[in-house]
Amino acid sequence: MRCRNPLTVCGIRRKNITYFIAIYGSIYLTYIFLIDFISSPGQKSEFVSKRVHRSPPETTKNSLALPNIDYVVFNRVPKCGSMSMTQLAYDLGGKNGFKVESPYEPGEKQTKSQEEQDAFRKYVFEQTPPYMYIRHQNYVDFWDPTQKKKVAYINMIRDPIARFESFYYFSRFGNHLGGGGKAKLTEERKKETVDECVANRRQECVKPWWQIVPYLCGQNNQKTSPNSDPRCQERGQWAVDRAKYNIDHNYAFVGLLDELEMSLKVLEALLPAFYKNASTVVKMESFEKMRNGTLTTFKKPAGQKSREFLRTQTSLKYEYEVYDYVLAKLKRTYSQLNNNRL
């Protein structure tokens, strides 16, 4: 039978046919998707893969990673979280597969003779890489170009007044692990706060212990290398400028204890073979236990007047120049790291 009405197909209106096709198509597509996810989890059918938009795989290329680093030397500065950072290195060594050594000798000194520096260089290169050496010692230059490119020097520093306060009370009362507290002082002097020490113009507050700058500046034996000079031990601009030079040219990284999270993110990028997952490991119990144990006891922050004196009238003004320099560089590197991830 032939339909005469152009709006019908054998008695069925074309509008109804359109509805029927739409419903059938929806059911069919639903069926395809169900088959795809039920029968092959994690894989898509040819039909779906041709029609579903796929985002490009995320790329995490690390352009900041330093190439061909076999050895890391961490010449840690006292009272800058050095024991906690050492614990972190041992934890990471076990996880990332590198050897860590933190040798200690009685009467350990930060300056070394030429023979002692030569012995240090020789010892490092006798170790099987990857290897990390940690010690309280001023920067020792690996002057041989072939050796130098395989070594990454790192360090951590801290707000100079916060470090001064920590050292001041540590020498008197020690920490929770039992270290320190060996200052030979009268009970009266021992109980003096930093504010009282500054007010009385005690020598230790007028001329604070000189360490951050020398650690970054270098040794004091000019015969050893171009980066050794007695002026590293002098409280002046020359030592500051040399420390800045080394930070830019001879250190792979100098971070800040006050900016630990940022510092670790940069370390992870610069030295992934050594510091991969450092941001996670610092949350482990071993690191927390060490950090809590090394907290100085009976520490009382200095008042504003004392802080102003320490920052402007003592050698801490030179340490702040280096501190601010490191902070600015750390922020630039961190910003570059984040830009690379975009």
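**Before you start**

The model is predicted: local features need pLDDT of at least 70, side-chain atom pairs count only at pLDDT 80 or more, and totals for chains, interfaces and linings use all residues. Residues are numbered from 1 along each chain as its sequence is written, and side-chain values use heavy atoms, with hydrogens and water left out.

**Stop 1: helix α6**

Select residues 160-173. This is helix α6, with 14 residues. Helices (H or I, at least four residues) and strands (E, at least two) are DSSP runs, numbered from the N terminus. From first C-alpha to last, α6 reaches 20 Å, close to the 20 Å expected at 1.5 Å a residue. The expected span is 1.5 Å times one less than the number of residues.

Is α6 mostly covered or mostly exposed? Mostly covered: 12 of its 14 residues are buried. Buried means under 20% relative accessible area, exposed over 50%, and partly exposed in between (1.4 Å probe, protein chains only). Colour the buried ones, including Arg163, Phe164, Glu165, Tyr168, Tyr169 and Arg172.

Now show what lies around them. The buried residues of α6 pack against α7 (187-190), α8 (194-199), α9 (203-206), α10, α16 (304-313) and α17. Contact here means heavy atoms within 4.5 Å.

Next, look at the two ends. Asp159 caps the N-terminal end, with a side-chain oxygen 3.2 Å from the backbone nitrogen of Ile161. That is a polar contact: a pair of N or O atoms within 3.5 Å; within protein, one must be able to donate a hydrogen and the other to accept it, and residues adjacent in sequence count only if both atoms are side-chain atoms. Just after α6, Gly174 takes a positive phi of about 75 degrees.

**Stop 2: the disulfides**

Select the cysteines. How many disulfides are there? The count comes to 2 disulfides, a disulfide being a pair of cysteine sulfur atoms within 2.5 Å.

Start with Cys197 and Cys205, joined at an S to S distance of 2.0 Å. Their link is right-handed, with 120 degrees about the S-S bond. Cys197 is buried at 0% relative accessibility, and Cys205 is buried at 1%.

Move to Cys217 and Cys232, also joined at S to S 2.0 Å. This link is left-handed, at -70 degrees about the S-S bond. Cys217 lies in helix α10 and Cys232 in the loop between α10 and α11, so the pair ties together parts 15 residues apart in sequence. Both Cys217 and Cys232 are buried.

Numbered in sequence order, the bonded cysteines pair 1-2, 3-4. Then pick Cys80, which is buried with a relative accessible area of 1%.

**Stop 3: helix α11**

Select residues 237-249. At 1.5 Å a residue, the 13 residues of α11 should span 18 Å, and its end C-alpha atoms are 18 Å apart, which agrees. Colour Ala239, Val240, Ala243, Lys244, Asn246 and Ile247, which are buried. What covers them includes α10 (212-217), β7 (253-256) and α17 (316-341).

**Stop 4: Gly255**

Go to strand β7 and pick Gly255. It is buried, at 0% relative accessibility. Its contacts beyond four places in sequence are Asn155, Met156, Ile157, Ser263 and Val326.

**Stop 5: the nonpolar core**

Select Leu88, Met132, Tyr153, Ile157, Leu271, Tyr275 and Val322. They have the most contacts inside the largest nonpolar core, which has 78 residues. α17 gives the most to this core, with 9 residues. Such a core is a set of buried Ala, Val, Leu, Ile, Met, Phe, Trp, Tyr and Cys residues joined through side-chain atoms within 4.5 Å.

Zoom in on Tyr153. Leaving out residues up to four places away in sequence, Tyr153 touches residues including Val73, Phe120, Tyr139, Phe142, Tyr251 and Phe253.

**Stop 6: Gln127**

Finish in the loop between α4 (114-126) and β5 (131-134), at Gln127. Is Gln127 buried or exposed? Buried, with a relative accessible area of 11%. The Gln127 side chain reaches the backbone oxygen of Tyr123 at 3.0 Å. Beyond four places in sequence, Gln127 touches Tyr71, Lys99 and Glu101.
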